Amino acid sequence: MIQEVVILGGGSAGLLAAITLAKQLPHLKLRLIRSLDIGVIGVGEGTTAAFPRHFFDYLKMPVKPFYQGVQPTWKLGIRFLWGPREEFYYTFAKEYTQEIEGFSRRPGFYHDEETTWLGPISALMAKGTVFPRKPDGTPQIRPPHAYHIENEKLVSYLEQVARAVGVTITDGKVDQVETGPVNTNGGSELGVKRLILESGESVTADLFVDASGFRSELLGKALAVPQVTYSDSLFCDRAVIAGWSRTNEPILPYTTAETMDHGWAWQIEHENFINRGYVYASNFVSDDAALEEFRRKNPQLSTEPRVVKFRSYRCEKMWSGNVVGIGNASGFVEPLEATALQIICVQTSTLADVLMDSLCEPTPSLVDFYNRYNAGQWDDTRDFLAVHYKFNTRLDTPFWQTCRADTRLGGAQQMVDSYLENGPSTLLNGIILPPQNSFGFDGYLAMLVGQCVPHGKPYRPSPEEAARWKRRRDEIGAAAEGAMNIRESIQVLRHAGWC
Ligand SMILES: Cc1cc2nc3c(=O)[nH]c(=O)nc-3n(C[C@H](O)[C@H](O)[C@H](O)COP(=O)(O)OP(=O)(O)OC[C@H]3O[C@@H](n4cnc5c(N)ncnc54)[C@H](O)[C@@H]3O)c2cc1C
C-alpha cells in the first residue's frame with residue numbers, strides 16, 4: 001500500500017502534485033525535494049480555464065488568498081494575429097456550438113470578414129474589457145476564464161500552500177538514483193529503489209513523483225522510459241523571452257499570439273509587466289537572427305532576453321513501476337495554447353483519483369488507464385496545435401511554407417476532413433472528438449474558421465438574416481463596451497481587500 005510519496009521537483013508541477021495529493025489524500029506522508037541551485041524553469045505564465053477549475057472546484061482552495069498571493073490578471077482567451085484575417089479570437093467559451101434563437105445555422109457560418117466577435121466573450125476581448133459590471137459596481141467574475149500569472153509568484157504561493165497542507169520540503173540535490181525491481185500490483189517491475197542526495201542522505205518511498213522538469217531525472221534518465229516525439233507536427237524548438245515594465249498600455253484580457261517569420265510570439269499581460277516571447281525553429285533561423293527579429297518588432301523590450309531550448313515529445317508511459325512523471329518531466333508541447341499547467345492539473349487529479357479509488361493500492365488496469373488518459377492529453381494538444389501550423393497562410397517564409405506542406409495532423413485529421421466537407425456544422429459535435437478532448441469542437445472551429453480555411457458549404461444568409469446577425473453583433477458589442485476592464489476590476493477587488 002502506498003503510504004509515503006516523494007516528489008522530486010519544486011516547480012509548478014511538483015508543488016501542484018504535492019498540494020493535490022495532500023488535499024485529496026490527507027493520510028499520505030508527502031515529502032518534496034527540490035534543488036534551489038538548479039531552480040525552476042521560470043516561464044509558464046498563461047493558464048487555460050482548467051487551472052481555476054482544478055484549484056477552486058476540484059481542490060476547493062479559497063479564492064481570496066490566491067488573489068492576494070499570486071496577483072493574477074484575467075485571461076478570456078487568445079487573440080490570434082494569424083491567417084488572412086487581421087485578427088481573430090479563441091475563447092474558453094462555447095461560442096461556435098451554441099444555438100442562437102432566430103438563426104438557421106450555428107454561429108461559425110456567419111463569421112464573415114466583418115465579424116470580429118461571435119459571442120459575448122469574444123466581444124469582451126475585442127473591446128478590451130473583461131467582466132460585466134454588477135449593479136453595485138463590482139465585476140461579475142464568472143467562468144470560463146483563465147489567468148496570466150508570473151511564474152515566480154505562482155511558485156512561491158504554491159510553496160506556502162504546500163507547507164500549509166502538511167508537505168515537508170527539503171532543499172537538496174538528487175545526485176544518484178538507484179533503480180531495481182520493485183513490487184507493484186502488476187508484479188515486479190523496474191522502479192526506483194532510493195534517491196541519494198548530495199548531502200549523502202538516502203531517500204526511499206512507496207511512490208516517487210518525477211517533477212524534475214526537462215531533466216526528467218527518474219522517468220527519463222533513471223528508468224529510460226521510451227519517448228514519443230512530436231517533431232513531425234511541431235517544428236519549433238526554442239524560445240527567446242524578455243519583456244518590459246508596463247507604462248500606460250491597457251491590461252488586455254487575453255494572450256496575443258502573433259505570427260513571426262520563423263514561428264510565433266506571445267504577449268502575456270501582467271499588472272505591471274508585459275511578457276513577450278518568440279517561439280522559433282532552430283532549423284530555420286539562428287538564435288541571433290531570431291533575437292534580431294524579436295527586438296526589431298518589439299523595440300520597447302527592456303529586460304535581457306534569454307533563450308530556452310525545448311523538445312516536443314511525451315513519455316510513452318507516464319506511470320512506470322513506482323514512478324509517476326508530472327509536468328515537463330513527462331513531456332512537453334510548446335506554449336501556443338498555454339496548456340502545460342492544464343496538463344499538470346489533469347495529471348495530478350487523475351493520480352489522486354487513482355490512488356483514492358484503489359485505496360492506495362493501484363491496480364494494473366488503473367495504472368493503464370492513467371497512462372492512456374494522460375498520453376491522450378498530450379496527443380490532443382499536439383493535434384490541436386498542428387491545425388494552427390498547417391493552415392496559417394499569413395506569411396510565405398520558408399518556415400511557414402514547410403509548416404503548411406509538412407505538418408502532420410495526427411488525430412486532428414478526421415476533424416479537419418469533416419470541416420473541409422461540412423464547414424462549421426456542429427452535427428458531428430460529440431461524435432468526432434471524445435468528450436475529454438480539452439479543446440473540443442468549439443476550439444477546432446475557432447481555429448479553422450478563424451484562419452479562413454476554405455470549406456465545401458459556404459453559407460450566404462438572406463438579407464433579413466444578415467441584418468439580424470448584424471443587430472445581434474452590435475448589441476453584444478455594445479454590452480461588452482460597457483463592461484469593466486482589468487484595471488478597474490483589480491482596483492475594485494483591491495479596495496475590497498482581495499488583492
Ligand atoms: C518557452 C516556454 C513557455 C511556456 N509557457 C507556458 C505557458 O504560458 N503556460 C503554461 O501552462 N506553461 C508554459 N510553459 C511550461 C511551464 O513552464 C511548465 O510546464 C511548468 O512551469 C512546470 O514546470 P516543471 O515544474 O515541470 O519544471 P521546472 O519548473 O523546471 O521545475 C523542476 C524542478 O525540479 C528540480 N530538480 C530538477 N533536477 C533535480 C535534482 N537532480 N535534484 C533536486 N531537484 C531537482 C528543480 O530544482 C525544480 O524545482 C512554458 C514552457 C516554455 C519552455
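Author: Let us start with Pro 144, which lies in the loop between α4 (120-127) and β6 (146-148); please keep in mind throughout that the model is predicted.

Reader: What makes the peptide bond from Pro 143 to Pro 144 cis?

Author: The omega of the bond from Pro 143 to Pro 144 is near 0 degrees, and the bond is cis. As background, most peptide bonds are trans, and most residues other than glycine have a negative phi.

Reader: Which phi does Lys 60 have, and why is Lys 60 called exposed?

Author: Lys 60 is not a glycine, and yet its phi is positive, at about 60 degrees. Lys 60 is found in the loop between α2 (50-58) and α3 (63-70), and its relative accessible area is 61%, while the label exposed requires a value over 50%, so Lys 60 is called exposed.

Reader: Why is the pair of Phe 214 and Phe 332 called edge-to-face?

Author: A pair of aromatic rings is described by the distance of the centres and the angle of the planes. The ring centres of Phe 214 and Phe 332 are 5.1 Å apart with the planes at 85 degrees; pairing asks for centres within 6.5 Å and edge-to-face for an angle over 60 degrees, so the two rings form an edge-to-face pair. This pair links distant parts of the chain, with Phe 214 in the loop between β11 and α6 (217-222) and Phe 332 in strand β21 (residues 331-332), 118 residues apart. Phe 214 is partly exposed at a relative accessible area of 35%, whereas Phe 332 is buried at 10%.

Reader: How do you know that Arg 311 sits over the ring of Tyr 313?

Author: The charged end of Arg 311 is 4.3 Å from the ring centre of Tyr 313, and the distance limit for this label is within 6 Å. Arg 105 lies over the face of Phe 109 in turn, at 5.2 Å from the ring centre.

Reader: What makes β11 and β20 a pair of strands?

Author: Strand β11 (residues 207-210) and strand β20 (residues 323-325) are joined in the parallel sense over three bridges, and two strands pair if there are at least two bridges between them, so the label applies. One of the bridges sets Asp 210 against Gly 325 in β20. Four bridges also join β11 to β1, again parallel, and there Val 5 stands opposite Leu 207.

Reader: How do you know that the residues of the UniProt "binding site" feature do not all gather at one spot?

Author: The unreviewed UniProt entry places that feature at Gly 10, Gly 11, Ser 12, Ala 13, Val 174 and Glu 337. These positions span 328 residues in sequence, and their farthest two C-alpha atoms are 32.4 Å apart, so they do not all gather at one spot. Among them, Gly 11 is buried at 15% relative accessible area and touches Val 40 and Val 155, leaving out residues up to four places away in sequence. Val 174, in strand β8 (residues 174-184), counts as buried at 10% relative accessibility.

Technical notes. Residues numbered from 1 in each chain as written. Predicted model: local features only at pLDDT ≥ 70, side-chain atom pairs only at ≥ 80, totals over all residues. Heavy atoms only, no water. UniProt positions renumbered as here; feature names shortened; annotations may be inferred. Buried < 20%, exposed > 50% of the residue type's maximum accessible area, 1.4 Å probe, protein only. Contact = heavy atoms within 4.5 Å. Helix = DSSP H or I, 4+ residues; strand = E, 2+ residues; numbered from the N terminus. Phe/Tyr/Trp six-rings, centres within 6.5 Å; stacked < 30°, edge-to-face > 60°. Lys NZ or Arg CZ within 6 Å of the ring centre and 35° of its normal.
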